[in-house]
Amino acid sequence: MAIANLKPLGRIVDSGLVAVVRAESPEQASRIADACAQAGVAAIEITFTVPDPASVIAELTRRYPKGEMLIGAGTVLDPETAAAAVAAGAQFVVAPCLNLEVARFCNRRQIPYMPGAGTVKEIVEAMECGAEIIKVFPGETLGPQFVKAVRGPLPHALLMPTGGVTLENVQDWLRAGCVAVGVGSSLCAGAKSGDYQAITDLARQFIAKIRDARNQAHGKH
């Protein structure tokens, strides 16, 4: 896959996991990110529903300056938010739906843009706007069968579900043809009780499940 040679999209495809962070405070978001980093998560998405998200992105890019973990921005709905995210150091931009102005901004800056799509028409429109990985959203509503169906007419579409991805179904998404998955609430639940070790442990399990599914797909055991 040619895209796997590019950064940061290549890192996301290679790892197969983007941790999606929604938190009640900047401190909580930062601790979730650190817990994911300890597990070897290659990419983390700080959503703009987190209080003061730009400061969290800036802090994390300073903490992981050598690219140990890609720091992206999520829930980016307009070009102003995209500009704030990129100014803070975001290396990729994610959104629940396509916004043409955000697509143009990211294309000009060569920042990967991953808009959400829930229909074949939306997926094609996102690809036409330069999005190389399309976020299948909401994943819990669409399901792996949607991805499998879409990849019939669009085998070149690079799809990443977010919403409803769990340890129990992550391999189903990969077998359906997804290049990566975005995992939020099922991964970060431990933060509510202050159990950040649980996040690290769960992230390791997700990474192992993704690796196993890919090995099975390539006939490795």
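The legends below accompany close-up views of a predicted model.

**View 1. Strand β1 sits inside the structure.** Let us begin with strand β1, which covers residues 17-21. Five of the five residues of β1 are buried, so the strand is largely enclosed by the rest of the structure. Look at either face and you will find it covered. L17, A19 and V21 lie on one side, while V18 and V20 lie on the other. In a regular strand, side chains alternate between the two faces of the sheet.

View 2. β1 and β8 run parallel and are joined by three bridges.

**View 3. The largest pocket has a lining of 22 residues.** This pocket holds about 390 Å³ of space. Of its 22 lining residues, V20, R22, G184, S185 and S186 lie nearest the centre. Three elements each supply at least two residues of the lining: α2 (26-39), β8 (181-183) and α9 (185-188). Which of the elements gives the most to this lining? It is α9, with three residues. By class, the lining has nine nonpolar, eight polar and five charged residues.

**View 4. The second largest pocket is lined by 15 residues.** About 260 Å³ of space lies in this pocket. Nearest its centre, among the 15 lining residues, are L174, G177, C178, R214 and H218. Two helices, α8 (170-176) and α10 (196-217), each supply at least two residues of the lining. The biggest contribution comes from α10, which gives three residues. Sorted by class, this lining has nine nonpolar, three polar and three charged residues.

**View 5. F137 takes part in a charge-over-ring contact and in a cis peptide bond.** What lies over the face of F137? The residue is K135, at 4.7 Å from the ring centre. F137 is also joined to P138 by a cis peptide bond, with omega of about -5°. P138 is placed in the loop between β6 (134-136) and α7. As for contacts between aromatic rings, the count of aromatic pairs comes to zero.

**View 6. G143 is a buried residue of helix α7.** The helix covers residues 139-150. Is G143 buried or exposed? G143 has a relative accessible area of 15%, and the cut-off for buried is under 20%, so G143 counts as buried. If you also pick out Q110, you will see that G143 and Q110 are 33 residues apart in sequence. In space the two lie 30 Å apart, C-alpha to C-alpha.

**View 7. D52 and T75 have positive phi values without being glycines.** For D52, phi is about 50°. This residue is found in the loop between β2 and α3 (53-63). For T75, phi is about 55°. T75 has its place in the loop between β3 (70-74) and α4 (79-88). With a relative accessible area of 18%, T75 is buried.

How values were computed
Residues are numbered from 1 along each chain as its sequence is written. This is a predicted model: local features need pLDDT of at least 70, side-chain atom pairs count only at pLDDT 80 or more; totals for chains, interfaces and linings use all residues. Side-chain values use heavy atoms; hydrogens and water are left out. On a 1 Å grid over the protein atoms alone, a cavity is a set of points where a 1.4 Å probe fits but cannot get out, and a pocket is an open set with protein on both sides within 12 Å along at least five of seven lines; lining residues have an atom within 4 Å of a point. Grid points are joined across faces, edges and corners, and a volume is the space filled by probe spheres set on the points. Helices (H or I, at least four residues) and strands (E, at least two) are DSSP runs, numbered from the N terminus. Ala, Val, Leu, Ile, Met, Phe, Trp, Tyr, Cys and Pro count as nonpolar, Asp, Glu, Lys and Arg as charged, and the others, Gly among them, as polar. Rings of Phe, Tyr and Trp (its six-membered ring) pair if their centres lie within 6.5 Å; planes under 30 degrees apart count as stacked, over 60 as edge-to-face and the rest as tilted. A charge sits over a ring if NZ of Lys or CZ of Arg is within 6 Å of the ring centre and within 35 degrees of the ring normal. Buried means under 20% relative accessible area, exposed over 50%, partly exposed in between (1.4 Å probe, protein chains only). Two strands pair if DSSP finds at least two bridges between them.
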